[in-house]
There are 2 protein chains.
Amino acid sequence: MPSYKAPVGEVLFLLHDVFDISRYASLPGFADATPDVVEAILNEAAKLCEQTLQPLNQTGDRAGCVRDKNGDVRTPEGFKSAYKAFIDGGWVGLAADPEFGGQGLPYTLAAIVNEFASSANMSLAMYPGLSQGLLAALLTHGSQAQKELYAPKLISGAWSGTMNLTEPHCGTDLGLLKTRAVPNADGSYALFGQKIFISAGEHDLTENIIHLVLARIEGAPAGVKGISLFIAPKFLIGPDGSIGARNKLACGSIEHKMGIHGNSTCVMNYDGATAWLVGEPHRGLNAMFVMMNEARLGVALQGLAQSEVAYQNAAAYAKERLQGRSMAGPKFPEKPADPIIVHPDVRRNLLEIRAFNEAARALVLWTSLRSDVAHRSGDAAALEGAADTLGLLTPVLKGVLTDMGFENTVKAQQVLGGHGYIAEWGMEQFVRDARIAMIYEGANGIQALDLVGRKLAKDGGRAIIAFFAEIKAFIKDNEADAEMAPYLSGLKQGVDHLEQATMWFMQNARAKPENAGAGSYDYMRLFGLVALGFMWAQIARAALAKRAGAEDQADVMNAKLLTGKFFMDHMMPETGAHLARITAGAHDLMALPAEAF
Amino acid sequence: MPSYKAPVGEVLFLLHDVFDISRYASLPGFADATPDVVEAILNEAAKLCEQTLQPLNQTGDRAGCVRDKNGDVRTPEGFKSAYKAFIDGGWVGLAADPEFGGQGLPYTLAAIVNEFASSANMSLAMYPGLSQGLLAALLTHGSQAQKELYAPKLISGAWSGTMNLTEPHCGTDLGLLKTRAVPNADGSYALFGQKIFISAGEHDLTENIIHLVLARIEGAPAGVKGISLFIAPKFLIGPDGSIGARNKLACGSIEHKMGIHGNSTCVMNYDGATAWLVGEPHRGLNAMFVMMNEARLGVALQGLAQSEVAYQNAAAYAKERLQGRSMAGPKFPEKPADPIIVHPDVRRNLLEIRAFNEAARALVLWTSLRSDVAHRSGDAAALEGAADTLGLLTPVLKGVLTDMGFENTVKAQQVLGGHGYIAEWGMEQFVRDARIAMIYEGANGIQALDLVGRKLAKDGGRAIIAFFAEIKAFIKDNEADAEMAPYLSGLKQGVDHLEQATMWFMQNARAKPENAGAGSYDYMRLFGLVALGFMWAQIARAALAKRAGAEDQADVMNAKLLTGKFFMDHMMPETGAHLARITAGAHDLMALPAEAF
């Protein structure tokens, strides 16, 4: 049976020692997040995730969600009370707007709680998680009346939310979508159409489910410029907020899928469902991007979360399982064999995962802090800079953290040998669950295109220029420190490769856009390695300082310094291969005629 | 619903144009394998796999194997008649010794049929597949009486075989095994113990199941030098070959696992089962390696097989699914969108898979031909050279073909976006099924250690020296040909990296063996890329020749030349990153104390 322990100490080190969140005290909500409060919150979240959510992860996977003939969906046993514990703790509204009942704490803290919950039980964590994207879109684009009607219930968790984008014939290319919105006399609309892959589309955890739905108002222009966003509750709501009649929408079936069996992935049928426009007509795509960006960071966290819990279980196994002897001579001659942690290749697997996990967590927090600045700062320049970084990094986090997170669950599974393939041990579930994160909220190939095709060139490349400048300033500030040399040299090499790749696109993608498309995936992965490397350099600096200041921290800080060194020596060299593939260009990819595939 | 078409034309091109099997006509069995016979055999195998095995792949996955309370196991519906069709076609004994009823055809042909069958239905193909390893051990180490008793029935497929190595507390480290063999008065033994992860351990397909079991004769030395090999049939066999009483062995349970649900993975309990020694006492490990090596090539094939069928289904989807527009302008303006095959990143995924598949198939055939020479040649020097290559390449094929094969199923799944995650489409089954091949018959980390720790240094490095010499001779023979330049330059670079890595081990692993362990996995993957690159160079040469000779072959040969070029430009650069990691050495891996993980 797998287990999970939330990495609270790790997070506190990142928040205080690496990123010094006290610097953000002037932002709304941050003053309340004193070190004591933060630690108390994290410990509470850890307790809930470890004791309530995690024990339902395997049983939820086995039981799955069950739809009855009326279209009602029953979640796995125990999910209902666990969800109640989650909302009773106020976790849905941790960072939400106090105007609507939220606690207004930093988004950064909510991101951490999201990681813990997703490690403990990804399927269960998705139910409240999906409300976040909906809330973001609603609070940005909804009317005041809509906000007042829906936000408090979503923030309390009494209701949950969904996002209805995909249709059978279109996912990425939403311009093709067919769901129709017919105006009613009272200003509402009637929705007709079918949506697929709707996570948490129907379930028994909340008294109402609020669907955000992309649809085309009759007579609207074709393509993406004719798409509008609608809100359609499962049960209609009286002006006083009371639950009314069942709306004309229903779950038509549940998908049988590879993993996240505890979350109901629904086909949703809209048969004249009453819905209300959110924002302006034909401007639904803008509103959708608000919720998508929010959701993409959430999905990035799932990649890290599965990698973390898989690591913990693989490391525990490697320290217990006796098999073979150390190449350097028996380490435990009194035992029948040494634990497999003595074998270099077992350590390689574990270190690759760990060197990712620690830096990925740092990257999530670093980006989340930018998100907090971008959404809360009163300083226009700071806000713009933070929004730039957030926009640039969002596809990188989504694409790279879910790719590497999945790969890491596979490595962790491998550490257990045959036992890794057996359901009882839980490792194969991490692999199956992690796999979806590379696909939904924009498949990772789409993230790469968003990065290269949109984010790089935006505002004359302002975001990427600032990103390079920030890393270079860090290198310059620290290059006098001999102890920092192992971390800076790898980072320098990576940045150099990323700059060369960026330059290559500038020179070769204008005349032939397929050169950008062909190299986009490698560019995203290269970017991810550089971003993770930058995190390791910052972690190393903080660890060196902390080790110098406190002898009792030496072991923990040395472990970080060694893991960071491993990252630079063993993982950063991949940037050269990415660069080679990018500069190989599109010809090899495009020359083969379609029918030859 | 996924589909499968066996790549018969592809195989014929490899056999005749690339490797010219007519050169081997003097080997036993090869004279019978005329081009017409080979083509007829492949077409028959293709028909069986496409029409009989493949339609049961998804249904078998869903139904799984069911054990009743008596320990009997029911395979999925249809498996019994499909197995019967397989054995009625004589496929189990295709390459087996005619003395015991086999057809004596080249092993190379059997390997091809194995690929087809594993693509069509990996779980089902494993039942006859497992008999092969047992047969190899029996024919090498068994007594004449044992051969006569068991081999004909195994070769006809009337009985099937299993390999019983793993126990709950030991897999890789067989020196720890506890199963006891107590001598009976009549020269037989009574086996006591529990074996786990026994593929096809119990089922309803054959009238008897023959178990090869590693056990320790009472009083035997500890460790691997006290292990003996036994044969224990499910039903005892009369001297006339008749089926007798039930032996004291049974399936205790079926494992619930990630994939290959159609194959019964059993816990086998030996409660005094009557068994007979195979070969000499305490020399079981030798006999085991015979069956393991055989089985490892079979598992390598599974990696290729899943990659191939996943490619076919992803490519078909990419040519049909309409989504978005080509970056170079709409290709099908009359359609609502272009098929996704126009997008460079979709092509990247497909080409990475295909560039592997074609070269991996070549590598399997190239190695299988060496196996045929090693087992059948009358020329001692040729036999030695072939056995060297076979020994050197076996861990590379097992490790790299299953690693990359699995990675390819993930890429193919990604091409389908959300549909890739849904069971109905079948892609996620390929991922789940392919995953086991990286684990069983020696986890891939063990393959890497076998390569670096045993195969490299064997006989003064004779095998690796010959391997380098063969590639260099090829390069030299072809470097005057300008059309070969794109293929030779990538290969040269790869070989250079592999030589540097080999040299680095020679200089750094003697004093510190952990340097070899730390770099072993990267070395195996680097070796695999070079071997695949060598295959691409040979394919390119054959394709250039064929294109020059026959205009109607131009399209097919151009596709090969382009795919090979893609391999050199996009996949070969990885060798540099592998070399960097190898030469980074063991320090970063070993410095962290075990308790810090």
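Predicted model: local features only at pLDDT ≥ 70, side-chain atom pairs only at ≥ 80, totals over all residues.
Residues 40-157 of chain A form a span that is 67% helix and 3% strand, and its end C-alpha atoms lie 22 Å apart. UniProt places the feature "domain: Acyl-CoA dehydrogenase/oxidase N-terminal" at these residues, in an unreviewed entry.

**A second annotated span**

- In an unreviewed entry, UniProt also places the feature "domain: Acyl-CoA dehydrogenase/oxidase C-terminal" at residues 283-451 of chain A.
- Over residues 283-451 of chain A, the chain is 74% helix and 0% strand, while the end C-alpha atoms of this span are 22 Å apart.

**How the two chains are related**

**A pair of packed helices in chain B**

- Two packed helices are described by the angle between their axes and by the distance between those axes.
- In chain B, helix H12 (residues 458-478) and helix H14 (residues 513-549) pack at an angle of about 35 degrees, and their axes are 11 Å apart.
- The crossing in which H12(B) passes H14(B) is left-handed.
- On the side of H12(B), the contact is made by Ile464(B), Phe467(B), Glu470(B), Ile471(B), Phe474(B) and Asn478(B), whereas H14(B) contributes residues including Tyr523(B), Phe527(B), Val530(B), Phe534(B) and Arg541(B).
- When the residues of this contact between H12(B) and H14(B) are divided by kind, 10 are nonpolar, 2 are polar and 2 are charged.

**Two buried residues in chain A**

- Gln302(A) lies in helix H7 of chain A, which covers residues 284-320.
- With a relative accessibility of 7%, Gln302(A) counts as buried, because buried means under 20%.
- If residues up to four places away in sequence are not counted, Gln302(A) touches Ser118(A), Met122(A), Met126(A), Ala437(A) and Tyr440(A).
- Glu441(A) is found in the loop between helix H10 (427-437) and helix H11 (444-455) of chain A.
- Glu441(A) also counts as buried, since its relative accessibility is 18%.
- The phi angle of Glu441(A) is near 55 degrees, which is a positive value in a residue other than glycine.

**Two residues of chain B in a strand and a loop**

- Phe197(B) lies in strand E5 of chain B, which runs over residues 189-199, and its phi angle is near 60 degrees, a positive value in a residue other than glycine.
- Asn184(B) is found in the loop between strand E4 (180-183) and E5 of chain B.
- With a relative accessible area of 30%, Asn184(B) is partly exposed.
- Not counting residues up to four places away in sequence, Asn184(B) touches Tyr189(B) and Ala190(B).
- Asn184(B) and Ala437(B) are 253 residues apart along the chain, and their C-alpha atoms are separated by 38 Å.

Methods. Residues numbered from 1 in each chain as written. Chains lettered and ligands numbered in written order. Heavy atoms only, no water. UniProt positions renumbered as here; feature names shortened; annotations may be inferred. Helix = DSSP H or I, 4+ residues; strand = E, 2+ residues; numbered from the N terminus. Buried < 20%, exposed > 50% of the residue type's maximum accessible area, 1.4 Å probe, protein only. Axes fitted to C-alpha atoms, helices over the stretch in contact; angles between N-to-C directions. Left-handed = near helix turned anticlockwise from the far one by under 90°. Contact = heavy atoms within 4.5 Å. Nonpolar A, V, L, I, M, F, W, Y, C, P; charged D, E, K, R; others polar.
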